[in-house]
Amino acid sequence: MNEALVVIPTYNEKENIRGVVAAVEKACPSADLLFVDDNSPDGTGRIADEIAAGDPRVHVLHRERKQGLGRAYLAGFRWGLERHYQFLFEMDADFSHNPNDLPRLLEAAGGADLVLGSRFVGGIRVINWPLSRLMLSKGAALYVRIITGMPFMDPTGGFKCYRRAVLEAIPLDEIKSNGYSFQIEMTHQAWRRGFQIVEAPIIFEERRSGQSKMSGGIVGEALWLVWKIFMRNGLRRRPGPAHPRSIAAKAAS
Ligand SMILES: Nc1nc2c(ncn2[C@@H]2O[C@H](COP(=O)(O)OP(=O)(O)OP(=O)(O)O)[C@@H](O)[C@H]2O)c(=O)[nH]1
Ligand SMILES: [Mg+2]
C-alpha cells in the first residue's frame with residue numbers, strides 16, 4: 001500500500017474526477033486517492049464508486065449532505081489516520097491544483113512537517129484569475145500575517161501536505177471552521193504547536209468547469225477567525241517550541 005493519501009473533497013465535480021484520478025496516478029505513483037463526497041446532486045459520488053470498484057488506489061467516503069470543505073477534510077483525515085498513511089494531502093477536484101505539483105510537495109515533506117503549496121513564493125503564479133480575486137488572496141495573506149504573526153505568503157491556499165504526526169497532534173474535533181478559514185486555522189494549529197512548516201511553489205489555475213462556490217460568507221468567516229486564533233495563542237504572534245514529534249525535534253535528539 002502507498003504511504004501518501006490525496007484527500008479530495010467533492011461537491012458536483014462529475015466533469016473532473018476521472019481526469020483527476022488519471023492525473024494523480026500518473027504524476028504520483030506513491031499516492032492513493034480518497035474522494036470525500038457530500039452526496040453531490042450531479043452523481044459525483046456514484047462515479048467515484050465506479051472508479052474505486054476497478055482501482056485499488058481509489059477510495060470514496062460518502063457523507064449524507066453538504067457540510068462544507070472543512071468537515072469533508074476532517075472526515076478524510078480521520079479515515080487516513082485510521083490506516084497506515086504517513087503523508088496526507090489536501091487537493092481540490094477542479095484542477096485548480098495541478099496534480100503534477102504533488103511530487104514536489106511530497107519531496108518538500110521529507111524535510112518539513114507541513115508543506116503549504118504556495119501561489120506567491122518567488123512570484124505570483126495564478127492563471128485566469130480576475131485581479132479582484134488576486135487582491136483578495138494577497139490581502140488575506142497580509143491580514144493573517146499582521147494579526148497572527150504567521151509568516152507565510154499564502155496562508156489561505158488549499159494544496160497542502162501534512163505529515164501524520166501533525167494531524168495526530170491537532171485536536172480535529174475542535175476545528176469548527178470551513179472554507180478559507182479552515183486552511184488558516186489548520187496551519188495555525190500546526191504552527192503554534194511548533195511544527196515545521198515550509199512553502200513550496202505551485203501553479204494555481206481557476207477552475208475549468210463546474211460551478212464556483214465562492215461567497216461573501218466565506219470571507220467574513222475568515223476575517224473573524226484570524227482574531228480568534230490570535231487570542232487562542234495567548235495574543236502571541238510567534239510559534240511555540242518545537243513539538244516533540246516535529247522533524248526539527250527529531251533531528252536534534
Ligand atoms: N465534500 C465537499 N466538497 C466540497 C464542498 N464545497 C466545496 N467542495 C470541494 O472542495 C474543492 C474546492 O472547492 P471550490 O468550490 O473549488 O472552491 P474554490 O476553489 O474556493 O472556488 P471555485 O473554484 O471558484 O469554485 C472542490 O473540489 C469542491 O468540489 C462541500 O461542502 N463538501
Ligand atoms: Mg476551486
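Cys 28 is buried, with a relative accessible area of 2%, where buried stands for under 20% relative accessible area, exposed for over 50%, and partly exposed for what lies in between (1.4 Å probe, protein chains only). Cys 161 is in no disulfide, and the nearest cysteine sulfur, that of Cys 28, is 8.9 Å away; Cys 161 is likewise buried, with a relative accessible area of 0%. A disulfide is a covalent bond between the sulfur atoms of two cysteines, and the criterion applied here is a pair of cysteine sulfur atoms within 2.5 Å. The 8.9 Å between the sulfur of Cys 28 and its closest cysteine sulfur, in Cys 161, is therefore too far for a bond, and the structure holds zero disulfides.

The model is predicted, so that local features need pLDDT of at least 70 and side-chain atom pairs count only at pLDDT 80 or more, whereas totals for chains, interfaces and linings use all residues. Residues are numbered from 1 along each chain as its sequence is written, chains are lettered from A and ligands numbered from 1 in the order in which they are written, and side-chain values use heavy atoms, with hydrogens and water left out.

Taken as a whole, the chain contains nine helices and nine strands, these being DSSP runs (H or I for helices, at least four residues; E for strands, at least two) numbered from the N terminus. The radius of gyration of the chain is 17 Å, close to the 18 Å that the globule rule gives for 253 residues, so the chain is as compact as a globular protein of that length; the radius is taken over C-alpha atoms, and the rule is 2.2 Å times the number of residues to the power 0.38. Along the principal axes, the C-alpha atoms fill a box of roughly 50 × 45 × 35 Å. Buried residues make up 54% of the 253 residues. Among contacts (heavy atoms within 4.5 Å) between residues at least 6 apart in sequence, 81% join residues at least 24 apart.

The interior can be followed through its nonpolar cores, each a set of buried Ala, Val, Leu, Ile, Met, Phe, Trp, Tyr and Cys residues joined through side-chain atoms within 4.5 Å. In the largest core, which has 40 residues, Phe 77, Ile 184 and Met 186 touch the most other members. Elements that give two or more residues to this core include strand E1 (4–10), strand E2 (31–37), helix H3 (69–81), helix H5 (131–148) and helix H7 (179–192), and the largest share, seven residues, comes from H3. Apart from this core lies another, of 31 residues, among them Val 21, Leu 33, Leu 102 and Leu 106.

Helix H3 is mostly covered, with ten of its 13 residues buried, and it reaches 18 Å from its first C-alpha to its last, close to the 18 Å expected at 1.5 Å a residue, the expected span being 1.5 Å times one less than the number of residues. Leaving aside neighbours within four places in sequence, Phe 77 is in contact with Val 7, Leu 88, Glu 90, Tyr 162, Leu 167, Leu 172, Phe 182 and Met 186. Trp 79, also found in helix H3, counts as buried at 12% relative accessibility. With its neighbours within four places set aside, Trp 79 is in contact with Leu 5, Leu 34, His 59, Leu 61 and Tyr 85.

In helix H7, Thr 187 counts as buried at 0% relative accessibility. Not counting residues up to four places away in sequence, Thr 187 touches Leu 114, Leu 116, Met 150, Phe 152, Lys 160 and Ile 197.

Helix H5 has 18 residues and reaches 26 Å from its first C-alpha to its last, close to the 26 Å expected at 1.5 Å a residue. Its buried residues are Arg 133, Leu 134, Ser 137, Ala 141, Val 144, Ile 147 and Thr 148. In the loop between strand E6 (126–127) and H5 lies Asn 128, which counts as exposed at 57% relative accessibility and has a positive phi of about 65° although it is not a glycine. H5 is followed by Gly 149, whose phi is positive, near 85°. Asn 39, placed in the loop between E2 and helix H2 (44–53), has a positive phi of about 55° although it is not a glycine.
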